[in-house]
Amino acid sequence: MKTHLLKSYLSHWLNKVDEHSIHSPFFYDFYVNVIRKSREASGIKEIEQIRTALLENDTILDLQDLGAGSANGSGGSQRTLADITKGSASSARLSSLYTHIIDYCAAKYIVELGTSIGLNALYLASKKDGQVFTFEGSKALTNVALTHFEYFESKNIHLIEGNIDKTLPEFLQKTEKLNFVLMDANHRYEPTMRYFELLTRRLNEKSIVVVDDIHWSTDMERAWNELYRHKLVYGSIDLYRCGVLLFDPALNRQHFILSL
């Protein structure tokens, strides 16, 4: 695993470009107003205070892990809240990136696959005019996330508990459109591809999908390499930690490797 991560990081570092190499007006604007601005963001203070407290919380959770963990997760059926927060929760920088993307595409209908402890969902829901539907398979994690949602009195977060293999198709049957999707659950090739194919039924040319941990394993790299070449994807950005997929035919199938 460590050898793979080192090789993938070196490959990304050697192939990445900066804004001076982005000749597409759309991608240049996206870089300046989303990626670069998110670097300057310090996160949402109230949410980061919760993160700080969680990093010192030794409460042990019995996890029902229906996926393959995450890039930094240590796995195992029992983990402390501190370990989960450190290893599995999105960083403040990543969460800030997602909120900037939501602003950029004026997303109203937002899906997150993989709630974990709920910090990311709080970021996604910080724009009060959007509705966030977040999916989690672990009962222990949903209990923690719900506590955070209640503390922040978040009325626009809808937590959908259960195996995503079942809950996602059921949800999509009742949903007409999705503006922004964050795929951060079950980090394996087959479920990643299957979830994506399900989601495409509710996407349009202005939708944006972000895939987390695209270089975590050979399995996820295989998924990412197929996703950004998918027939419905017309633009993509490899940020190493995650990948961005765009569906507007006007983008003419452009792919960029950039730094977050």
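Which residue forms a salt bridge with arginine 51, and how far apart are the closest N and O atoms? The partner is glutamate 48, with the closest N and O atoms 2.6 Å apart. Keep in mind as you read that this is a predicted model.

- Eight strands make up an open sheet with mixed pairing, and their order is β5-β4-β3-β6-β7-β9-β8-β10.
- At the edges sit β5 (157–161) and β10 (254–257), each of which pairs on one side only.
- From one strand to the next, the twist averages 15 degrees.
- Helix α2 (residues 25–40) packs on this sheet, where it touches β7 (208–212), β8, β9 (242–246) and β10. The direction of helix α2 makes about 45 degrees with that of β8.

**Strand β8 and its neighbours**

- Towards β9, strand β8 runs antiparallel, and four bridges join the two. Here isoleucine 237 has valine 244 of β9 as its bridge partner.
- The hairpin of β8 and β9 has three residues between the strands, and in it tyrosine 240 takes a positive phi near 70 degrees.
- Which residues of β8 point one way, and which the other? Gly235 and Ile237 point one way, Ser236 and Asp238 point the other way, and all are buried.

**Salt bridges**

- Twelve salt bridges turn up in a search of the whole structure.
- The pair from the opening question, arginine 51 and glutamate 48, lies in helix α3 (residues 45–54), with the two residues three apart, or about one turn of the helix.
- Is arginine 51 buried or exposed? Arginine 51 counts as buried because its relative accessibility is 9%, under the 20% cut-off. Glutamate 48 also counts as buried, at 16% relative accessibility.
- Arginine 194 and aspartate 165 meet through their side chains in another salt bridge, at 3.1 Å from N to O. This pair links distant parts of the chain, 29 residues apart: arginine 194 is in helix α9 (residues 189–199) and aspartate 165 is in helix α8 (residues 164–173).
- Arginine 194 is partly exposed at 29% relative accessibility, and aspartate 165 is partly exposed at 35%.
- Glu190 joins Asp165 and Arg194 in a network of salt bridges.
- Arginine 241 forms a salt bridge with aspartate 213, and the closest N and O atoms are 2.6 Å apart. Arginine 241 lies in the loop between β8 and β9, and aspartate 213 in the loop between β7 and α10 (218–227), so the pair ties together parts that are 28 residues apart in sequence.
- Arginine 241 counts as partly exposed, at 23% relative accessibility, whereas aspartate 213 is buried, with a relative accessible area of 3%.

**A nonpolar surface patch**

- Leu6, Tyr9, Leu10, Trp13 and Leu14 make a nonpolar surface patch of about 560 Å².
- Tyrosine 9, one of these residues, is placed in helix α1 (residues 2–15).

Methods: Residues numbered from 1 in each chain as written. Predicted model: local features only at pLDDT ≥ 70, side-chain atom pairs only at ≥ 80, totals over all residues. Heavy atoms only, no water. Patch = residues over 30% accessible without salt bridge, like charges linked within 9 Å, V, L, I, M, F, W, Y side chains within 5 Å. Areas by Shrake-Rupley, 256 points an atom, 1.4 Å probe, with all protein chains shown as cover. Salt bridge = Lys/Arg side-chain N within 4 Å of Asp/Glu carboxyl O. Pairing = 2+ DSSP bridges. Axes fitted to C-alpha atoms, helices over the stretch in contact; angles between N-to-C directions. Contact = heavy atoms within 4.5 Å. Buried < 20%, exposed > 50% of the residue type's maximum accessible area, 1.4 Å probe, protein only.
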